[in-house]
Amino acid sequence: SDSTLARIIHAVEQAQSSRAPTQRFVDRFAAIYTPAVFILAVAVALLAPWITDLTWMQAVYKALVLLVIACPCALVISTPVTVVSGLAAGARRGILIKGGVYLEDARKIKAVALDKTGTITEGKPKLVAFEPVDTGLDQRVLEGLAKSLAGRSDHPVSKAIAEGLSTADQEVGEFQAVAGRGVQGVIGNHSYALANHRWIEERGQCSAELEARLATHEEAGRTVTLLANSERVMAICAVADTIKPSSAQAVADLKSLGVTPVMLTGDNIATARTVGSQAGIAEVRGNLLPEDKLQAIGELQQRLGITAMTGDGINDAPALAKADIGFAMGAAGTHTAMEAADVVVMNDDLRRLPETIRLSKRTHAVLWQNICLALGIKLVFLVLAIFDNASMWMAVFADMGASLLVVFNGLRLLGKQSSK
């Protein structure tokens, strides 16, 4: 039930539950168009012999020709075929779109908010430094405390700390993960916390000397986590994460499409700026809690318009739900993030975002091509029928021929898509 195939099946099942705007428009149009055409055909059959020189048989024949020509099959089938083709084209590329409405609306995106860890970066950070703050403390003891706390968290930074320390861990009681701040627990009747910079400041445990040491790591683009007891900071854990090779290209593609990229991260602002500059993102916001990301999405929506959010963690779920379109990194992402998102990128390649926007533009163009094709063919044959130049075989061609044309045109979306 958690396989890639199962996720694809679930996405396809959900696809038609949220109809694309164009599809809703066609459904409403057909609801008026169909009875109007039927009434017209009945009127021709009943009134033509009275007001023209047609016989009853000729009038009925003309009414049937009109009815077949005007049948809305091609019009109604044009949109779902195109939408499902677009959804399937995305799924082939590892982009699971949860409905036609998101497929069509992606072309309108004006801003994309990007989480850092696991989205722009590899999400596989490594511990690069462990420094006791007080040289009088036994480093092996401090490493054991840090590993005990980090080993019980599923956050990428905690995992990196736990994997980077070789000491044996200890039993942790009253363990608690504090969203956007860190973890805490009781070891040997003493309370300890593995906290980010912001939480240490909130606890009132920062000093000028400590700030200077942290700044050195943060300017190097490292994420700093601190081991502290109830009284003071005991050790510094510096974790480094590398940017994905595809991130800079993805950001450049987004800019070329007229989309503004913005980084939102819980990391310190210095690290965020370093990673942002490597990825080519000018607007960077750091030290954000989940509620701060939520507020940032609202501000971007008011300032720039339709905004997408991209993330992979539980902390990103509220912002993913708030955004007009949420993109979750599916390979490394949490189930919470994938449930909250509207689009799941299965291979965690950020270049799938601009690809989704391009697919959305192609789908929208094909949708309107099909609508114009279906109505245009019928209009031509209706005019011929009015002037007695249309027969039943021409009516059948207008109906079935138009239906086949819109189906084949919609299936073009399944063809190979250029990277530009």
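User: How many residues does helix H3 have, and how far does H3 reach?
Analyst: In this predicted model, H3 covers residues 56-70, which is 15 residues. From first C-alpha to last, H3 reaches 21 Å, close to the 21 Å expected at 1.5 Å a residue.

User: Which H3 residues are buried?
Analyst: Ala 59, Lys 62, Ala 63, Val 65, Leu 66, Ile 69 and Ala 70. They span an arc of only 160° around the axis, so they sit on the same side of H3.

User: Switching to the sheet. What's the strand order?
Analyst: E3-E8-E7-E6-E5-E4, six strands in an open sheet with antiparallel pairing. Strands E3 (126-132) and E4 (173-178) are the edges, each pairing on one side only. The twist averages 15° from one strand to the next.

User: How many bridges join E7 to E8?
Analyst: Six. One of the pairs is Thr 223 with Val 239 in E8. Helix H10 (residues 208-219) packs on the sheet and touches E3, E7 and E8. The direction of H10 makes about 10° with that of E8.

User: Salt bridges now. How many?
Analyst: The structure holds 16. In one of them, Asp 267 pairs with Lys 116, the closest N and O atoms being 2.8 Å apart.

User: What does that pair tie together?
Analyst: Asp 267 is in the loop between strand E9 and helix H12, and Lys 116 is in helix H6, so the pair links parts 151 residues apart in sequence.

User: Are those two buried or exposed?
Analyst: Asp 267 is buried at 11% relative accessibility. Lys 116 is buried too, at 2%.

User: Which residues form a salt-bridge network?
Analyst: Arg 181, Arg 198, Glu 202 and Asp 292, joined through shared partners.

How values were computed. Residues numbered from 1 in each chain as written. Predicted model: local features only at pLDDT ≥ 70, side-chain atom pairs only at ≥ 80, totals over all residues. Heavy atoms only, no water. Helix = DSSP H or I, 4+ residues; strand = E, 2+ residues; numbered from the N terminus. Expected span 1.5 Å × (residues − 1). Buried < 20%, exposed > 50% of the residue type's maximum accessible area, 1.4 Å probe, protein only. Arc of directions from axis to C-beta. Pairing = 2+ DSSP bridges. Axes fitted to C-alpha atoms, helices over the stretch in contact; angles between N-to-C directions. Contact = heavy atoms within 4.5 Å. Salt bridge = Lys/Arg side-chain N within 4 Å of Asp/Glu carboxyl O.
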